[in-house]
Amino acid sequence: MDRDGLWKPDATAPDYATPDAVFTARCPFSPAAAANEDVIAADRFAAPVQRTDLLGRFESTWVGHVAEGGFRENGSSGGMVSWVAAELLRTGTVDAVAHVSPVPDPQHDGRFFTYRLSRNAAELAGGAKSRYYPAELSAVIAAIRATPGRYAIVGVPCFIKAVHLLRRTDPVIAERVTHLLGLFCGHQKSARLVDSFAWQLGAPIERVRAVDYRIKDAGRPANWYRAHLTLDDGSARAEDWWHLADGDWGAGFFQNPACDWCDDVVAETADVAFGDAWVEPYSSDGRGTNVVIARAPQVHAMIAAAVADGRLALTGVDAAFVEQTQAAGFRHRREGLAYRLTWGRRGIRPVKRVAPAAALPLRRKLVYRMRHAIARDSHRFARAALRLGRPALYTTWARQMLAVYRGLAWSHGRLGGWIDRVLPDARPR
């Protein structure tokens with residue numbers, strides 16, 4: 001983990017020091033990657049029932065939640081990720097599930113979350129909920145290689161793609177990793193987000209023992225995120241995201257730089273993918289609601305059977321509904337990516353499914369430029385705040401940048417209104 005709380009390749013490792021064709025073909029962002037998402041999905045889901053440009057290939061799409069057990073109550077949204085993972089274990093379809101979980105002693109371990117293998121429902125439950133924290137797969141991949149069996153891996157789109165690329169050149173992983181469960185992704189955060197929570201909640205970071213990014217409250221809308229820190233004496237500090245200096249997810253604070261070059265929102269290569277239903281009436285339901293895309297026929301059959309038995313409270317929906325729930329993410333990963341691909345760039349240039357294009361209203365261009373700058377500079381200011389021991393260096397800057405960003409992004413903002421008056425053709429379309 002580097003100084004900005006992001007995982008980077010070990011420059012001393014033989015493969016990275018002298019990369020060969022096999023190594024470069026495994027990176028999901030490499031121009032030499034063995035296959036893009038379309039090719040991988042066509043190989044894995046050869047005869048899908050449906051396909052759209054945004055969702056990829058799939059058998060069925062659903063909205064709802066888990067009706068049995070405590071899956072919904074213990075998860076961030078409708079509990080579907082944990083339920084599918086637990087069902088794969090219960091039926092003996094897989095022997096273990098790799099997923100991100102809290103570490104017992106973050107101060108000793110140097111991180112708050114890590115991938116681990118769970119072999120029963122109780123272990124799975126310890127890793128429920130959303131973890132907006134950097135993680136990496138090396139330890140569980142090594143464990144899968146060391147122990148025969150069938151494994152499922154839960155991950156964001158680029159992680160799922162990376163496993164597919166690894167499976168193409170590693171027969172052991174190809175045989176043993178049988179199921180891939182994808183998470184819809186807006187972008188990944190660095191570990192500095194936890195530092196920011198601690199600064200703003202008045203909690204010394206060395207005393208923080210646990211982090212919860214989304215405290216669930218049935219009496220509040222699901223999209224009212226609340227950050228929660230548990231300290232070494234058992235006390236807690238909590239605050240709603242919208243009161244934080246960097247509490248607007250879309251602004252891009254502490255975003256991993258690679259995320260600006262991704263075009264997959266809904267884990268198009270996963271056997272099943274899960275997100276939040278960010279449309280009404282579901283976004284106001286504090287109990288949490290999932291949207292689900294079943295791509296593999298076997299997973300679709302498993303879900304459909306559980307719906308028929310009343311174990312899952314899911315309703316079939318069309319692709320347009322799912323796309324609407326993730327409209328902002330698709331806009332940033334397609335329209336925004338097309339614009340970012342027109343920017344001058346040193347070093348490796350990504351090869352994406354989106355073609356470069358800059359035919360956007362001025363305000364949209366400014367929004368994408370602003371997000372990119374916030375993602376970059378949030379790490380710079382946090383770095384300075386850590387080095388000097390002055391959190392206000394970061395939080396003051398963040399509040400100022402958030403105000404400017406919201407003025408651009410929100411049509412009723414004063415800066416946005418000024419742009420509309422001076423440049424009326426700049427209104428977002």
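**Exercise 1. State which helix holds Ala-142, and classify the exposure of Ala-142.**

Step 1. Ala-142 belongs to helix 8; helices (H or I, at least four residues) and strands (E, at least two) are DSSP runs, numbered from the N terminus. The model is predicted, so local features need pLDDT of at least 70 and side-chain atom pairs count only at pLDDT 80 or more, while totals for chains, interfaces and linings use all residues. Residues are numbered from 1 along each chain as its sequence is written, and side-chain values use heavy atoms, with hydrogens and water left out.

Step 2. The relative accessibility of Ala-142 is 42%, so Ala-142 counts as partly exposed. The scale is: buried under 20% relative accessible area, exposed over 50%, partly exposed in between (1.4 Å probe, protein chains only).

Step 3. From Ala-142 to Ile-293 there are 151 residues in sequence, and the C-alpha to C-alpha separation is 29 Å.

**Exercise 2. Locate Ala-135, decide whether Ala-135 is buried or exposed, and list what Ala-135 touches.**

Step 1. The loop between helix 7 (121–125) and helix 8 (138–146) contains Ala-135.

Step 2. With a relative accessible area of 11%, Ala-135 is buried.

Step 3. Leaving aside residues up to four places away in sequence, Ala-135 touches Trp-7, Val-100, Tyr-115 and Phe-159. Contact means heavy atoms within 4.5 Å.

Step 4. Pro-297 lies 162 residues from Ala-135 along the chain, and their C-alpha atoms are separated by 29 Å.

**Exercise 3. Describe the open sheet of 8 strands: what is the strand order, and which are the edge strands?**

Step 1. The order is 5-4-6-7-11-12-3-13, with mixed pairing. Two strands pair if DSSP finds at least two bridges between them.

Step 2. Strand 5 (113–118) and strand 13 (312–316) are the edge strands, each pairing on one side only.

Step 3. On average, neighbouring strands of this sheet are turned by 25° against each other, direction ignored. Axes are lines fitted to C-alpha atoms, for helices over the stretch in contact, and angles run from 0 to 180 degrees between N-to-C directions.

**Exercise 4. Work out how helix 15 and helix 16 are oriented to each other, and check the span of helix 16.**

Step 1. The axes of helix 15 (residues 362–388) and helix 16 (residues 391–409) come within 9 Å and cross at roughly 175°.

Step 2. The two helices are therefore roughly antiparallel to each other. In this scheme, angles under 35 degrees count as roughly parallel, over 145 as roughly antiparallel, 65 to 115 as roughly perpendicular and the rest as oblique.

Step 3. The contact of helix 15 with helix 16 has 18 nonpolar, 1 polar and 3 charged residues. Ala, Val, Leu, Ile, Met, Phe, Trp, Tyr, Cys and Pro count as nonpolar, Asp, Glu, Lys and Arg as charged, and the others, Gly among them, as polar.

Step 4. For its 19 residues at 1.5 Å a residue, helix 16 should span 27 Å; the end C-alpha atoms are 26 Å apart, which agrees. The expected span is 1.5 Å times one less than the number of residues.

Step 5. Buried residues of helix 16 include Tyr-394, Trp-397, Met-401 and Leu-408.

**Exercise 5. Find where Phe-254 lies, and which bond joins Glu-280 and Pro-281.**

Step 1. Most residues other than glycine have a negative phi, and most peptide bonds are trans.

Step 2. Phe-254, in the loop between strand 10 and strand 11, has a positive phi near 60°. At a relative accessible area of 0%, Phe-254 is buried.

Step 3. A cis peptide bond, with omega about 5°, joins Glu-280 and Pro-281. Pro-281 is placed in the loop between strand 11 (272–276) and strand 12 (290–294).
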